[in-house]
Amino acid sequence: MMGLGMRFRALVAAVGLLFLAVTVDAVAETKVNSVRLWRAPDNTRLVFDLTGPVQHSVFTLTAPDRLVIDINGASLGAPLNVNTSNTPITAMRSAQRTPTDLRVVIDLKKAVTPKSFTLAPNAQYGNRLVVDLFDNAADAAPPPAPAPTVATVPAVPVAPAEPSIKLPPAPAGKRDIIVVIDAGHGGEDPGASGSRGQREKDVVLAIARELQRQVNGMKGFRAELTRTGDYFIPLRGRTEIARKKGADLFVSIHADAAPSTAAFGASVFALSDRGATSETARWLADSENRSDLIGGAGNVSLDDKDRMLAGVLLDLSMTASLTSSLNVGQKVLSNIGRVTPLHKQRVEQAGFMVLKSPDIPSILVETGFISNANEASKLTAANHQQALARSISSGVRQFFQQNPPPGTYIAWLRDSGKIAQGPRDHRVNPGETLAMIAVRYQVSPATLRNANNLKSDELKIGQTLTIPGTELAAKE
Ligand SMILES: [Zn+2]
């Protein structure tokens, strides 16, 4: 039995609900406050920043080509201004179709294939609507030429069931070793940032480009980048690129933050299938893996192979490439230790998504903590970026001189006795000069300086120098 007071309260509540429904109907609660744009080699990403969640739909129109984005429950909070040069977009217009429905029309130079999704708020951003405009295949640049080995070995398919088995060596094939360099983050995922506004995504792209330049300067090696500009690639997309480019090694470059601004030093990581080897490793892995939440993974589909079989093979080949990853990681780490303090003396292992490439040895290099003021200013300096790149390229070269993949120029050099000796270490004795050591090992003083990141010819007694393999110092 309802008392009068209760009935009154129910009435008030009902009127209140009605009123609420009317206001929602009359004015959209969510504002579209800005739009950001990134151009990648094959797509253009638009990110609309919203004050709340929305429903949306996207469709294309032809003659002329347009893309229509309907955002329901939203209105414009500020004009949508964005620089569309170097994109297929010629103009962006918007209109309120109904009091609650916003329509954005994008005028296009040519047709695109759209893909869209919304992202929930995170530490950096609020609600977002992401619209990717993929260039249509006919307009896209032709794919890069396949590696020579593939071209010279007819009718030998790479069995998908045996990812760890490489193609047989081509008789006359002396292909380059391919190193795929991955600059972390990009686009709307800036990564970590320094106290003076330094952004991880910029620092690591600069180091990645320098590393590419150096690796391309080594005879028998070729370097490719996963991203060549400021745009986002999901974590799985990065390893996918490595596989498409036929990578013999995948190197992901980062410069991260730690909860403590005092944390400093570089680290090298390989994948762990168990737990992380340290608390820092766990923390960094978590923050790197969050990248897809910031940038959005879109539709990630696993290959349509038998899941069970794939899982077993994945395990097997992962173990094989993990040994290589730890080996190359240790070489890179000891070279980095000559140019910057190390966070940990040995290769750490953690569950980084970006390292989960079963058939490709992969390492992740944390070049330093951008959250540390001193390291942040070093990381943005060109000479330090060069030194870091030099230490990574040295480590990579040393690894492949000892473990050249069959069919490569480096393997041919080794097998035909062209490498007088692989890289060695030399401890400096009293009275020895750089010139004397160079003569003894038949390398040039410049090669010695380069291999050891020496800024002057002054040596300390007991100092360990790397003597590079004689035939492999540089491209003619
Ligand atoms: Zn990072």
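Trainee: Which residues touch the most other members of the largest nonpolar core?

Mentor: This is a predicted model. Its largest nonpolar core has 62 residues. Apart from that core lies another, of 22 residues, which includes Val35, Leu46, Ile69 and Val112. Within the largest core, the residues that touch the most other members are Val179, Phe221, Val332, Ile336 and Ile392.

Trainee: How are the axes of helix α3 and helix α9 oriented to each other?

Mentor: Helix α3 spans residues 200–216 and helix α9 spans residues 382–402. Their axes come within 9 Å and cross at roughly 50°. An angle under 35 degrees would count as roughly parallel, and one of 65 to 115 as roughly perpendicular. The two helices, α3 and α9, are therefore oblique.

Trainee: How many nonpolar residues does the contact of α3 with α9 have?

Mentor: On the α3 side, the contact includes Val203, Ala206 and Ile207. These meet a set in α9 that includes Leu388, Ala389 and Ile392. By class, the contact of α3 with α9 has two charged residues, four polar ones and, as the number requested, eight nonpolar ones.

Trainee: Is Gly246 buried, partly exposed or exposed?

Mentor: Gly246 lies in the loop between α4 (235–244) and β12 (249–256). Its relative accessible area is 32%. Buried would require under 20%, and exposed over 50%, so Gly246 is partly exposed.

Trainee: What is the C-alpha to C-alpha distance between Gly246 and Ile360?

Mentor: In sequence, Gly246 and Ile360 are 114 residues apart. In space, their C-alpha to C-alpha distance is 9.0 Å.

Notes: Residues are numbered from 1 along each chain as its sequence is written. This is a predicted model: local features need pLDDT of at least 70, side-chain atom pairs count only at pLDDT 80 or more; totals for chains, interfaces and linings use all residues. Side-chain values use heavy atoms; hydrogens and water are left out. Helices (H or I, at least four residues) and strands (E, at least two) are DSSP runs, numbered from the N terminus. Buried means under 20% relative accessible area, exposed over 50%, partly exposed in between (1.4 Å probe, protein chains only). Axes are lines fitted to C-alpha atoms, for helices over the stretch in contact, and angles run from 0 to 180 degrees between N-to-C directions. Angles under 35 degrees count as roughly parallel, over 145 as roughly antiparallel, 65 to 115 as roughly perpendicular and the rest as oblique. Contact means heavy atoms within 4.5 Å. Ala, Val, Leu, Ile, Met, Phe, Trp, Tyr, Cys and Pro count as nonpolar, Asp, Glu, Lys and Arg as charged, and the others, Gly among them, as polar. A nonpolar core is a set of buried Ala, Val, Leu, Ile, Met, Phe, Trp, Tyr and Cys residues joined through side-chain atoms within 4.5 Å.
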